[in-house]
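Welcome! Take a moment to turn the model around before reading on. The notes below walk through it step by step.

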Amino acid sequence: MDLFLQLLITGVMVGSIYALVALGWTLIYKCSGVLNLAMGELTLMGAYVCLSFYTWGIPFPLAVVGMLIIGFILGLLTERLFLRRMVGESILAVIMVTVGLSFFFRGIVAFTWGTDTRVFDPPVFPAEPIRWGRIVVGQVYVWSFVAALVMLVVFVAFFKYTRWGLSMQATADDEMAALSLGVSAHRVYALAWAIAFMAAGVGGTLLGNINGLNISVGYLGLLVLPAVVLGGLNSVPGAIVGGIAIGVLQNLSAGYLSRFTPGGIKEIAPFAFMVIILLFRPYGLWGWVKIERV
Amino acid sequence: MYLPSGVYHEHYAQDQAWWRTTFIRAKMVVLFLFLLVIFPLGANLYLVSVANIIGYTILSAMGVQLLIGYCGQITLGHAAFIAVGAYVSAIAMLQYQLPYPVGLVLGAIAAGLWSVLFGLPSARVKGFYLIMTTMAAQFITVDFFITQYVSQVGGRGTFFSLPPGTIRIGPWTIDSELKVYYVMIVLVILCTTGMANLLRTRVGRAWIAIRDNDIAAEAMGVNIFKYKLLAYFVAGVLGGIAGAFWISSILAVSPEHFQFSWSLWIVGVILIGGAGSLHGTIFGAMFITLILEGLKFAIIPLSDSFPALQERFLYVKEAAFGLAIVLFLLYEPKGLAYRWQQIKNYFNLWPFSY
């Protein structure tokens, strides 16, 4: 039971980071219909930028703010330079543009920062773990959880209460109607990419604090896909729940199933789970039921 | 279809022939002479090894071209089937001492069947959901089954290396780049002509119908499920051949050669070459390999001032490839094959291009 609770709590905390990145992914899909396979590289970019600021001696909160600003600018640029021309192209072409971007970004990251694991030095969060009864959780997990929650709340509030957020919701809901009411679709797409960059950057920074930062943090970008499939591709609450569920699933399978296999179950469980969802409920928990069968 | 004036075909066989005019026949003879005699005799070891990489890329991308370009089934997990081919043929040779051609055939068939297994969901889902399933195929096959289970076979560790002299076709031991080149060129020619012929039959036309409009194809009596699975099978077989060729080229096999990025890479290759064109597969593979090799030389003069460029060339290559895909999709979405047609048309119609 203790083991279960331990795994569950760690899973929820890591899952909240996935939820943050999944939120960015869903946002792009909802607003502009682009299936983004470059999410992992967006997390890498953000995480390494933040790490660089931090190693230059800038305090961590300021480094995060700097990373957010750079992520915002990069998001706008990416949309303007590469994605804007792809509106209305075939699904394969759009996906492959994001794949091309992912190769490009990964190349740049690996070229600039190398492939050795880098850590935030000195550690941002104290190493002393927190104990609740017999359950032990590292402080870095707790703080990541808090930070991810704060970001999620900020984003959700942004969508609900600001003019920009409302125009994004309107575009996602019915693009034609939003256009006729004077919402600029291009601006909404650009904003979606900017927010995705920022969310991914925060997610990458938090994961980098947990395990150290290397190129394999980009794997997060692939983990996002099971999360959004579970939640339903175009559902923001779905992305959050899906992200947390995938984090829990990953931890539980690592805890209980790894004794039956030589290893690697932790990496593969989300994808096996995703195939099962796709077979039985392809539109996820809260996605729009719009499946065409031939 | 362009034909010069003065060509009169008297039989259907002439009309349907691959090489219909003397000029084309002469051109093809020159091409075969170049590929089989002049290039291998004249080129140095480096060029031959580059040609082998191009051949491997062509073989790998051929199955993807069939699935994406001709059958409309987007796949982002083709490296899994290449890996199955490579591992099955390697295990057949190492564990059961079977000859290389038998291993190659076994690998191809195993890869085809494995591909059908993951093609089954294609009957139910398409678009994004299909992409997710093929990605899952990649991770389940390579990162789980092969890394964790298959690599344990025979207790060699994850890196299977084939002792020199293992790869032999009859009495002919394949132990040099030049011999690998001949294996490659024979396989490429066989696969390309096989594909080209297949695409002219009922099967190929059914695939193209499914690609263009699956509902209309179904309405016209094409059994979609059967033909989609057939496409997966043939694509898997081509992938398996690529994998089995690869082990003859580097005499080793390891899960690291078949990562997700290789799946994406070969999809990028066919998009650069042009989806829906066999020429496109070959052009794309040649273009990307030659450009990246050229890049290697281009940065040598810069390496004095920026030594990092040389040390981390792998990543420069990745970034350049990514940029190439993006730029091609933005500015030349139909790929190199389309441009090639345009150039040919220009010269065919010259000087009266109206």
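This is a predicted model: local features need pLDDT of at least 70, side-chain atom pairs count only at pLDDT 80 or more; totals for chains, interfaces and linings use all residues.

Chain B holds 15 helices and 4 strands. Its radius of gyration is 21 Å, close to the 20 Å that the globule rule gives for 354 residues, so chain B is as compact as a globular protein of that length. The C-alpha trace of chain B spans about 65 × 55 × 45 Å along its principal axes.

Looking inside, 44% of the 354 residues of chain B count as buried. Among the contacts in chain B with a separation of 6 or more, 76% join residues 24 or more positions apart.

Now for the place where the chains meet. Here, 41 residues of chain B are in contact with 37 residues of chain A. Four helices of chain B, namely α6 (128-149), α9 (214-219), α11 (260-273) and α14 (313-331), each supply at least two residues of the side that touches chain A. The largest share of that side, 13 residues, comes from α6(B). What kinds of residues make up the side of chain B that touches chain A? They divide into 28 nonpolar, 7 polar and 6 charged.

Finally, a word on confidence in chain A. The mean pLDDT of chain A is 86, and 98% of its residues reach 70 or more. The table shows where confidence in chain A is lowest and highest.

| Confidence in chain A | Element | Mean pLDDT |
|---|---|---|
| Lowest | strand β1 (residues 130-132) of chain A | 81 |
| Highest | helix α3 (residues 60-83) of chain A | 92 |

Conventions: Residues are numbered from 1 along each chain as its sequence is written. Chains are lettered from A and ligands numbered from 1 in the order in which they are written. Two residues are in contact if their C-beta atoms, placed from the backbone, lie within 7 Å. Ala, Val, Leu, Ile, Met, Phe, Trp, Tyr, Cys and Pro count as nonpolar, Asp, Glu, Lys and Arg as charged, and the others, Gly among them, as polar. The radius of gyration is taken over C-alpha atoms; the globule rule is 2.2 Å times the number of residues to the power 0.38. A residue is buried if 20 or more other C-beta atoms lie within 10 Å of its own, exposed if 12 or fewer, and partly exposed in between; C-beta atoms are placed from the backbone. pLDDT is the predictor's confidence in each residue, from 0 to 100.
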